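The sequence and structure come first, and the notes follow.

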Amino acid sequence: METYNPDKEIDAAAWLWLDENERIELVQQFHLLSDQDLPEDKIRLHSAIHVVVENQLAMGVEPVPETIARLIRQGLDRHEAIHAIGAIIAGDIFDILKGNVQEYSLVKYRRKLEKITAKRWRKGQY
């Protein structure tokens, strides 16, 4: 795998064959070359969150593939659907770092994935 495009489904086997740093680098290269206005100091973290979502998709972690498909059916492009799921992950990480929760809850994560819709994402409600 030589390039990454978040709007195209990845080859799961090729993706998982790469090491984590290579995956982050591919995502980072995409964002550096795109027209998005991401500050350079934030691209690595943004790319790492992309990688977490893509890893879950490649490994078939339920209900991530179903959530991506649903968000796309509701009108988001694949890239934006990855951002919606990534925002949930980032929020969970933030809660742990701030001490708002003591441990990560897969059950709560799955509930959030089931609850997110394109409409809610566009309103900033996730």
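The chain exposes about 7800 Å², and carbon and sulfur atoms supply 52% of that area. The model is predicted. Its secondary structure comes to 7 helices and 0 strands.

**Fold and dimensions**

- Along the sequence the elements follow the pattern α-α-α-α-α-α-α.
- The radius of gyration is 14 Å, close to the 14 Å that the globule rule gives for 126 residues, so the chain is as compact as a globular protein of that length.
- Taken along the principal axes, the C-alpha atoms fill a box of roughly 35 × 35 × 30 Å.
- Of the contacts between residues at least 6 apart in sequence, 62% join residues at least 24 apart.

**Burial and charge**

- Of the 126 residues in the chain, 37% are buried.
- There are 17 positive and 21 negative side chains. The centres of these two sets lie 11 Å apart.

**Nonpolar core**

- The largest nonpolar core has 29 residues, of which Y4, W15, I85 and Y109 touch the most other members.
- At least two residues of this core come from each of α2 (20-33), α3 (40-59), α4 (64-73), α5 (78-97), α6 (106-115) and α7 (118-122).
- Helix α5 gives the most to this core, with 7 residues.
- Leaving aside neighbours within four places in sequence, I85 is in contact with V53, V64, T67, I68, Y109 and L113. One of these partners, Y109, is also among the core residues that touch the most other members.

**Q28**

- Q28 lies in helix α2.
- The relative accessible area of Q28 is 16%; the cut-off for buried is under 20%, so Q28 counts as buried.
- Beyond its neighbours within four places in sequence, Q28 is in contact with I43, R44 and S47.

**K108**

- K108 is placed in helix α6.
- The relative accessibility of K108 is 49%; exposed requires over 50% and buried under 20%, so K108 counts as partly exposed.
- K108 and Q36 are 72 residues apart in sequence, and their C-alpha atoms are 31 Å apart in space.

How values were computed
Residues numbered from 1 in each chain as written. Predicted model: local features only at pLDDT ≥ 70, side-chain atom pairs only at ≥ 80, totals over all residues. Heavy atoms only, no water. Helix = DSSP H or I, 4+ residues; strand = E, 2+ residues; numbered from the N terminus. Rg over C-alpha atoms; globule rule 2.2 N^0.38 Å. Buried < 20%, exposed > 50% of the residue type's maximum accessible area, 1.4 Å probe, protein only. Contact = heavy atoms within 4.5 Å. Areas by Shrake-Rupley, 256 points an atom, 1.4 Å probe, with all protein chains shown as cover. Lys, Arg positive; Asp, Glu negative; His and termini not counted. Charge placed at Lys NZ, Arg CZ, Asp CG, Glu CD. Core = buried A, V, L, I, M, F, W, Y, C linked by side-chain atoms within 4.5 Å.
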